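Please open the model in your viewer and keep the selection tool at hand. The stops below say what to select next and what you will find there.

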Amino acid sequence: MILVKKDNALYINDVKICDTLDPGLLTKGLYNLEINHSPKFNRDLPLVYNEKFPASRGLRLHAGNSLKDSKGCILVGQKSGSNLINSVNTLNVLIEIIKNNNIRYLIIL
């Protein structure tokens, strides 16, 4: 399975998993997706990387409510106006989905 980001949302097999918010730093393409420890957040989070955006840049999927909570990363939650709500719960569910389905790639369309 592959996680797909399109139209400010994440999908698996065309089923919407959650809404997203990000500053658009990551361009269209295929990315590796790996859950590992984030020193900044002191917890395991999905890390997104490829040849253009190396893992050392630390671009992750994480919780946040508005663009001010992101420095290039993809925030996950449920859309509420121009922001997100239920971000922490959404992130926890997303991490379990990624782990349980052994998802190793993210495609940004």
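Begin by selecting D14 and K6, which form a salt bridge whose closest N and O atoms are 3.8 Å apart; a salt bridge here is a side-chain nitrogen of Lys or Arg within 4 Å of a carboxyl oxygen of Asp or Glu. This is a predicted model, in which local features need pLDDT of at least 70 and side-chain atom pairs count only at pLDDT 80 or more, while totals for chains, interfaces and linings use all residues. Residues are numbered from 1 along each chain as its sequence is written, and side-chain values use heavy atoms, with hydrogens and water left out.

Accessible areas come from the Shrake-Rupley method with a 1.4 Å probe, and for residues only the protein chains shown count as cover; buried means under 20% relative accessible area, exposed over 50%, and partly exposed in between (1.4 Å probe, protein chains only). D14 is exposed because its relative accessible area is 64%, whereas K6, at 26% relative accessibility, counts as partly exposed.

K6 lies over the face of Y11, at 5.1 Å from the ring centre, where a charge sits over a ring if NZ of Lys or CZ of Arg is within 6 Å of the ring centre and within 35 degrees of the ring normal.

Select K5 and D22, whose side chains meet in a salt bridge at 2.9 Å, N to O. This pair links distant parts of the chain, with K5 in strand 1 (residues 3-6) and D22 in the loop between strand 3 (15-21) and strand 4, 17 residues apart; helices (H or I, at least four residues) and strands (E, at least two) are DSSP runs, numbered from the N terminus. Both K5 and D22 are buried.

Next, select K16 and D19, whose side chains meet in a salt bridge of 2.6 Å, N to O. K16 counts as partly exposed because its relative accessibility is 46%, while D19 counts as buried at 13%.

Now turn to the rings: which two residues form an aromatic pair? The structure holds one aromatic pair, and Y31 and F53 form this tilted pair, at 6.3 Å centre to centre and with 40 degrees between the planes. Rings of Phe, Tyr and Trp (its six-membered ring) pair if their centres lie within 6.5 Å, and planes under 30 degrees apart count as stacked, over 60 as edge-to-face and the rest as tilted. Y31 is buried at 1% relative accessibility, and F53 is buried at 8%.

For a view of the surface, select I2, L30 and Y105, which make a nonpolar surface patch of about 260 Å². Patches are made of residues with over 30% relative accessible area and no salt bridge, like charges being joined within 9 Å and nonpolar side chains (Val, Leu, Ile, Met, Phe, Trp, Tyr) within 5 Å. L30 is found in strand 4 and is partly exposed, with a relative accessible area of 48%.

Finally, select H62, whose place is in strand 6. H62 counts as buried because its relative accessibility is 3%. Leaving aside neighbours within four places in sequence, H62 is in contact (heavy atoms within 4.5 Å) with several residues, among them F41, L45, D69 and C73.
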